[in-house]
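Please keep the sequence and the structure in view while reading.

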Amino acid sequence: WLKAYQEKQIELIRRSENKESPSKPHADDLDALIYMILLDADISSNTMLEYLYRDRVKLSAYGKAVFGVALHKQKQDEKLAMILQNLGQFLVRDKENQSAFLQLPEGNAWWNWHGSDTEANAWYLKLLSRTDPKGEVAPALAKYLLNNRKHATYWKSTRDTSYCIEALAEFFKASGEDKPDMTVEIL
């Protein structure tokens, strides 16, 4: 179903280029998510890759991060560097709290799944865990996610809580934080 959906979206974008109807003007966040998921099943579309890259400025920060994960899987280093640069525009560093986060742009569709600032930051951490886990930004982003839980136990929903836990687990593993050099006794 996902493969057929992706093929339909490619056809709609092509139709837009030819000014035919029905059409779709550009690749969107759902296309980025489905593209990444299909890569997990070893299904790749060079056409959708090029549309997503061409239309990257129309993707939300969430969509850019998801697309970045897909580019990393495919070892598309030049395109990945551009996506990281695009995401870096939204990065805010809080030196006092030693944290960093993506400040989503004005007009962000917060009511849509791809407008969630928590999930966008979680996906950005997942991307940084794969590309630069020991850099300055990834640990600061992890700290931001940890500090912005509700009642210190969860984020806004079960969905974004699961994405945050998954991103933090990837970060801990990639950065070596899962191999502490201490002994702890819990009473």
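## Basis of the description

Helices, of at least four residues, and strands, of at least two, are DSSP runs numbered from the N terminus. The model described here is predicted.

## Helix α4 and its two partners

Two packed helices are described by the angle between their axes and the distance between the axes. Helix α2 (residues 29-40) packs with α4 at an angle of about 30 degrees, and their axes are 8 Å apart. Angles under 35 degrees count as roughly parallel, and α2 and α4 are therefore roughly parallel to each other. Their crossing is left-handed. On the α2 side, the residues that meet α4 are Asp29, Ala32, Leu33, Tyr35, Met36, Leu39 and Asp40. Their counterparts in α4 are Gly63, Val66, Phe67, Val69, Ala70, Lys73 and Gln74.

A second pairing joins α4 to helix α6 (residues 117-131), with axes that come within 8 Å and cross at roughly 25 degrees. That angle makes α4 roughly parallel to α6. The crossing of α4 and α6 is left-handed. Here α4 contributes Tyr62, Ala65, Val66, Gly68, Val69, His72 and Lys73, which meet Glu119, Ala120, Trp123, Tyr124, Leu127, Arg130 and Thr131 in α6.

In soluble globular proteins, nonpolar side chains tend to be buried together. The largest nonpolar core of this model has 49 residues, and the members that touch the most others are Tyr35, Leu52, Phe67, Leu87, Trp123, Tyr124 and Leu125. Helix α4 (residues 61-74) gives the most to this core, with 8 residues.

Phe67 illustrates these contacts. Leaving out residues up to four places away in sequence, Phe67 touches Ala32, Tyr35, Leu49, Leu52, Tyr53, Leu59 and Ile83.

Is Lys79 buried or exposed? Lys79 is found in helix α5, and its relative accessible area is 16%. Buried means under 20%, so Lys79 counts as buried. When neighbours within four places in sequence are set aside, Lys79 is in contact with Leu49, Glu50, Tyr53 and Leu71.

## The β hairpin

Strand β1 (residues 91-94) and strand β2 (residues 99-102) run antiparallel and are joined by 4 bridges. The bridge partner of Arg93 in β2 is Ala100, while Val92 stands opposite Phe101. The hairpin has 4 residues between its strands, and Gln98 takes a positive phi near 55 degrees.

In a regular strand the side chains alternate between the two faces of the sheet. In β2, Ser99 and Phe101 point one way, whereas Ala100 and Leu102 point the other way. All of these β2 residues are buried.

## Loops and backbone details

Which residues are joined by a cis peptide bond? The bond links Ser21 and Pro22, with omega at about -5 degrees. Pro22 lies in the loop between α1 (2-17) and α2.

Asp42 has a phi near 60 degrees, a positive value in a residue other than glycine. Exposed means over 50% relative accessible area; at 73%, Asp42 is therefore exposed. Lys75 likewise has a positive phi near 60 degrees and is a residue other than glycine. Lys75 occupies the loop between α4 and α5 (77-88), and at 66% relative accessibility Lys75 counts as exposed.

Gly176 lies in the segment after α8 (158-175). With a relative accessibility of 29%, Gly176 counts as partly exposed. Gly176 and Lys134 are 42 residues apart along the chain, and their C-alpha atoms are separated by 8.7 Å.

Terms used. Residues are numbered from 1 along each chain as its sequence is written. This is a predicted model: local features need pLDDT of at least 70, side-chain atom pairs count only at pLDDT 80 or more; totals for chains, interfaces and linings use all residues. Side-chain values use heavy atoms; hydrogens and water are left out. Two strands pair if DSSP finds at least two bridges between them. A nonpolar core is a set of buried Ala, Val, Leu, Ile, Met, Phe, Trp, Tyr and Cys residues joined through side-chain atoms within 4.5 Å. Buried means under 20% relative accessible area, exposed over 50%, partly exposed in between (1.4 Å probe, protein chains only). Contact means heavy atoms within 4.5 Å. Axes are lines fitted to C-alpha atoms, for helices over the stretch in contact, and angles run from 0 to 180 degrees between N-to-C directions. Angles under 35 degrees count as roughly parallel, over 145 as roughly antiparallel, 65 to 115 as roughly perpendicular and the rest as oblique. A crossing is left-handed if the near helix is turned anticlockwise from the far one by less than a right angle, and right-handed if clockwise.
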